[in-house]
Amino acid sequence: MILPIVAYGDPVLKKVGDPITKEYPNLDTLIENMFETMYNANGVGLAAPQIGLSIRLFVIDASPFSEDEDLSEDDKNTLKGFKRVFINAKITKEEGDEWAFNEGCLSIPDVREDVFRQPKLTIEYVDENFEKHVEEYDGLIARVIQHEYDHIDGILFTDKLSAFKKRLIKGKLTNISKGKINVDYRMRFPNQKKKR
Ligand code: NI
């Protein structure tokens, strides 16, 4: 089932998510729905707060990035099969000199900005079967993980922009929160006027 994606301005996007247990109601269906919602919106990652749930869960399928011609064959192969569910994740280490990458977010349609992040990370999490993993990532996958991980901590990529950039996109963000935007997937806007 395709779920509505919560738009910029909804307080749920600003909340720190709670950890969950195996007993979380209908977890399998939730994960399935999150993937379906993400694919429908052509995203490579989706975090639970973006569908209105303040819990520490996000899904990633980086396959679309594997089409990027500028990547090495090795990178392409890593990205191609990269489909994962991250539950109760914790980034325990980030390393290296920050690099810029043009990020976007399904909750903030039509806004793309360069965001600086460190290139390498170590992450601990449990998967959909609550099996524990400790893994290291770099490059594009690390970038996608960092973006989604921020969501479960109540942080958006726009929070990481300079004061100047923030001022430039302020009007756009206000419009998004009011639903004054054309978007080809289902969304829920916090400040939309009710139609009579
Ligand atoms: Ni996002």
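Reader: What spacing do the donors of the nickel ion follow along the chain?

Author: Donors are N, O and S atoms within 2.8 Å of the metal (3.2 Å for Na, K and Ca); water is not among the atoms, so sites may look incomplete. In this predicted model, where residues are numbered from 1 along each chain as its sequence is written, the donors of the nickel ion follow the spacing C-x41-H-x3-H. Local features need pLDDT of at least 70, side-chain atom pairs count only at pLDDT 80 or more, totals for chains, interfaces and linings use all residues, and side-chain values use heavy atoms, with hydrogens and water left out.

Reader: Which residues are the protein donors of the nickel ion?

Author: They are Cys105 (SG), His147 (NE2) and His151 (NE2), lying 2.1 to 2.3 Å from the ion. Cys105 lies in the loop between strand 5 (99-103) and strand 6 (113-117), whereas His147, 42 residues apart from it, belongs to helix 3 (residues 139-152). Helices (H or I, at least four residues) and strands (E, at least two) are DSSP runs, numbered from the N terminus.

Reader: Are Cys105 and His147 buried or exposed?

Author: Buried means under 20% relative accessible area, exposed over 50%, partly exposed in between (1.4 Å probe, protein chains only). Both Cys105 and His147 are buried.

Reader: Which residues of helix 1 are buried?

Author: In helix 1 (residues 27-40), the buried residues are Leu27, Leu30, Ile31, Asn33, Met34, Phe35, Thr37 and Met38. Helix 1 is followed by Asn42, whose phi is positive, near 55°.

Notes. The expected span of a helix is 1.5 Å times one less than its number of residues.
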